[in-house]
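Happy to go through this one with you. Let's take the labels one at a time and ask what stands behind each.

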Amino acid sequence: MAAYVYDFAEGGREQAGLLGGKGANLAEMTRLGLPVPPGFTVTTDACRAYLATGAEPEGLREEVGRHLAALERAVGRRLGQPDDPLLLSVRSGARFSMPGMMETVLDIGLNDDSVQGLAKTSGSERFARDSHRRLLQMFGSTVMGVDAAVFEDALTRMKRDRGAADDLGLDASDLAVLAGEYRRLIREHTGEDFPEDPVEQLRRAVLAVFRSWNTERARVYRRREHIPDDLGTAVNVQAMVFGNLGADSGSGVAFTRDPATGRPGVYGDYLPNAQGEDVVSGIRNAVPLAELERLDKPSYDRLLEIMRTLEHHYRDLCDIEFTIERGTLWMLQTRVGKRTAEAAFAIAAALTDEGLTGPDEALARVSGEGLARLMFPRFDTAAVGEPLARGIPASPGAAVGTAVFTSAEAVRRAAAGERVVLVRQETTPDDLPGMIAAQAVLTSRGGKTSHAAVVARGMGKVCVCGADSLTVDPAARRFTTAAGTVVEEGALLSVDGTAGAVHAGAVPLADSPVMRYFEDGGTADAARAAGGVAEAVHRAMDRADGVRRLGVRANADTPEDAARARRFGAEGIGLCRTEHMFLGERRRLVEAMILADGQEGRDRALAALLPLQRGDFAAILAAMDGLPVTIRLLDPPLHEFLPDRTDLAVRVASAEAAGGHPDPHDTELLAAVDRMHEENPMLGLRGVRLGLVVPGLVAMQVRAVAEAVVERRRAGGDPRAEIMVPLVDTVEELRLVRAEVERVLAEVSAESGTEVRCPVGTMIELPRAALTAGAIAAQAEFFSFGTNDLTQTTWGFSRDDVEAAFFSAYLDKGIFAVSPFETIDVDGVGRLVRIAVEEGRAARPGLKTGVCGEHGGDPASVHFFHRVGLDYVSCSPFRIPVARLEAGRAALAGGTEGPGDAGDASR
Ligand code: PEP
Ligand code: MG
């Protein structure tokens with residue numbers, strides 16, 4: 001049978017799936033010979049087995065017993081030994097970091113006997129009594145299910161009785177009385193006694209941590225972070241060390257570089273005479289880590305040396321938690337640290353310069369999601385006045401919203417469409433829904449490593465924390481600045497997470513340097529001129545372009561979009577939708593075409609449209625000169641070009657009611673709208689079907705393309721138009737339309753005396769087309785997957801309705817972790833794509849394949865399209881840099897397509 005328990009000395013960082021991130025890294029540090037308090041990890045396998053059956057897995061108790069015995073031998077003390085007790089911490093630690101979302105129980109091993117031993121060995125009766133009552137409180141709520149407020153109330157009563165301002169005002173005997181009271185409360189609320197047996201305490205604490213995998217806040221966090229619900233958590237059991245044994249003790253959190261900007265240096269917080277929990281909660285303001293040099297130089301020097309070791313070993317930014325117990329430094333945690341998008345690019349470039357990573361590894365360390373974030377605007381510094389307050393720039397970016405003071409209010413207002421800024425003294429895991437709902441988070445307490453900062457950075461949410469000049473009054477729903485300005489709930493705030501400032505009102509926004517770099521052509525010079533993180537971004541882009549196999553094209557249907565796409569690095573247009581060219585003034589001509597009752601009238605309308613279309617295409621071909629431009633024939637149902645039925649009906653009816661005659665054009669249009677009404681227009685007369693039933697439509701569009709090609713050639717250009725047929729179901733449709741296309745191309749070639757050849761291809765956006773792709777390929781020189789329609793028709797989800805109607809319920813129920821309209825559904829829609837690529841290529845070797853649905857710019861989907869072997873992805877101009885970057889990362893990740901793993905790239 002596989003083991004359920006691993007000693008720290010047995011594991012390593014590569015075992016994060018089994019031991020959780022924390023356990024794997026504790027093992028790694030142990031292996032490196034760093035000072036880690038000894039302990040062992042109970043695996044995620046054990047957690048999953050427990051959660052599946054509700055019973056303690058068979059053999060677990062004995063295995064824990066054996067590892068406990070080994071630990072006791074190693075430290076020379078027994079768990080809860082009356083005269084000199086070994087105490088244990090029991091902490092959660094999942095595969096992916098879920099800060100503060102699950103439970104921890106400290107001081108396991110204390111009871112009425114061992115508390116006296118601890119008093120003696122620590123030399124502090126008060127410390128021992130305080131540890132004991134903390135255990136009763138944590139165990140009572142976490143393990144035994146007593147409402148935490150019950151203990152808080154008792155503590156508050158005790159402080160009031162003793163006239164104590166805070167916990168420190170209670171002495172050892174007060175705390176002993178309190179422990180008795182806690183024990184009584186536990187009995188009252190649960191009907192059972194707090195277990196005095198230390199081994200029983202340990203056993204129950206481990207199971208309680210397992211259960212905390214499924215708390216509401218943990219589930220919410222996992223949904224937000226796309227962490228699967230079935231991973232389970234490991235549990236780390238470790239000898240306790242104490243940072244609260246006096247002035248020569250303390251706890252801290254540190255980063256090997258600045259996680260906000262990536263700049264090298266010593267970053268972190270230190271809290272003398274405190275446990276680790278006190279630092280992370282931000283309840284007491286910590287001092288900068290550099291202060292430790294003054295307080296305890298040997299520990300500081302040793303810490304810096306360990307940080308260098310870790311950064312070299314992991315070849316990445318690490319964050320660490322440590323405790324100093326009476327001058328001895330202990331490492332309690334390390335991991336590759338979360339960082340802002342800006343820091344990710346800066347660190348990737350810096351580590352390459354320092355020779356720690358190569359350019360490919362550097363590329364693997366950044367992400368398209370981060371790049372997208374850096375392309376957002378920032379506040380216009382010229383427009384920024386004196387801030388209301390300054391704080392710590394914990395997570396960069398600029399956000400404007402109305403101030404709210406509770407998580408619930410943030411959720412309520414955001415659901416109604418309002419942009420909000422969540423203002424708290426400090427946040428706790430219970431504030432998570434509000435943080436998700438808010439544009440920005442502002443706190444008056446806590447440092448760069450406080451809960452608010454860590455969680456906001458992880459979400460890419462703007463955050464300023466520790467703005468300690470603000471007095472936040474959540475009950476009154478307002479805060480007061482140092483200058484006495486009162487800001488009430490509902491007031492507009494602008495939060496600058498880059499500068500660490502909060503301003504009254506809505507400050508205007510300015511472009512980001514990264515956007516400027518792309519707009520200026522994305523060259524090394526443009527990066528230098530743009531400054532900031534643009535140079536690091538350029539290096540990643542350069543590498544991605546060097547290694548990617550996927551081409552990147554744009555979905556663009558105006559010359560402006562085409563030009564921007566080209567600046568952003570597009571290698572052509574993968575989808576030029578022509579329907580947008582029939583709006584505005586031209587609507588009248590489309591109406592005339594629809595209303596024409598004979599071919600003659602229709603031809604007149606089409607003839608009027610022809611020069612306009614030719615102009616459209618010539619301009620786009622000019623903007624994309626020398627690169628392919630895939631022009632799609634008209635796709636949407638024609639009634640989309642007619643006025644709204646209700647408006648027409650009201651106009652006609654009110655004219656009749658007024659006793660007059662309605663406008664005959666209105667009457668005619670109303671009749672046409674009624675005639676063309678469809679219950680399911682997305683499954684109706686659209687796409688290739690239109691071309692087959694509206695005579696002259698295909699011919700007009702193809703003629704416009706061909707004449708534009710001729711015009712561009714005559715102007716000395718290099719036009720490369722391709723013609724694409726939408727919504728094909730069967731090869732017969734394509735055969736007929738293709739014949740028409742070729743007839744017109746031959747006609748224009750003859751008229752102009754220039755040979756006009758355009759590749760003709762089809763969209764694959766219906767399941768039947770994907771499943772008969774071999775036959776269709778005989779008539780198509782290229783396939784472009786329309787994954788929007790393909791998702792709609794594969795799932796039977798109306799793409800215009802379902803996301804608003806019920807996707808949030810589906811996401812809540814875990815039916816899928818992300819909308820299939822956002823990230824390709826690998827198992828279903830992806831399978832159709834794979835079948836079509838394989839069968840299409842088998843029938844026509846060299847068939848070009850691409851994707852032009854929204855998924856073409858989605859990072860996880862780009863990885864799938866790489867694996868399935870497409871030639872290119874096509875996406876909106878602003879997503880092109882993201883697609884280029886992810887195409888490069890996908891090439892490095894390698895691999896061939898396998899079901900269910902498209903989501904990996906998003907983490
Ligand atoms: C698609 O269906 O994926 C597609 C690109 O076409 P449209 O979005 O225009 O229907
Ligand atoms: Mg489509």
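Q: Which residues in H36 are buried?
A: Pro 859, Ala 860, Ser 861, Val 862, His 863, Phe 864, Phe 865, His 866, Arg 867 and Val 868 are. Buried means under 20% relative accessible area, exposed over 50% and partly exposed in between, with a 1.4 Å probe and protein chains only. A word on the basis: this is a predicted model, where local features need pLDDT of at least 70, side-chain atom pairs count only at pLDDT 80 or more, and totals for chains, interfaces and linings use all residues. Residues are numbered from 1 along each chain as its sequence is written, chains are lettered from A and ligands numbered from 1 in the order written, and side-chain values use heavy atoms, leaving out hydrogens and water.

Q: What makes helix H36 mostly covered?
A: In H36 (residues 859-868), 10 of its 10 residues are buried. The cover includes helix H15 (368-374), helix H32 (787-795) and strand E30 (848-851). Helices (H or I, at least four residues) and strands (E, at least two) are DSSP runs, numbered from the N terminus.

Q: Why is Pro 387 called buried?
A: Its relative accessible area is 14%, and the cut-off is under 20%, so the label applies.

Q: What does Pro 387 touch?
A: Leaving aside residues up to four places away in sequence, Pro 387 touches Ala 501, Val 502 and His 503; contact means heavy atoms within 4.5 Å.

Q: Why is H3 called oblique to H8?
A: The axes of helix H3 (residues 60-75) and helix H8 (residues 198-211) come within 11 Å and cross at roughly 120°. Angles under 35 degrees count as roughly parallel, over 145 as roughly antiparallel, 65 to 115 as roughly perpendicular and the rest as oblique, so H3 is oblique to H8.

Q: Which residues of H3 and H8 meet?
A: Leu 60, Arg 61, Val 64 and Leu 68 in H3 meet Val 199, Leu 202, Arg 203 and Phe 210 in H8.

Methods:
Axes are lines fitted to C-alpha atoms, for helices over the stretch in contact, and angles run from 0 to 180 degrees between N-to-C directions.
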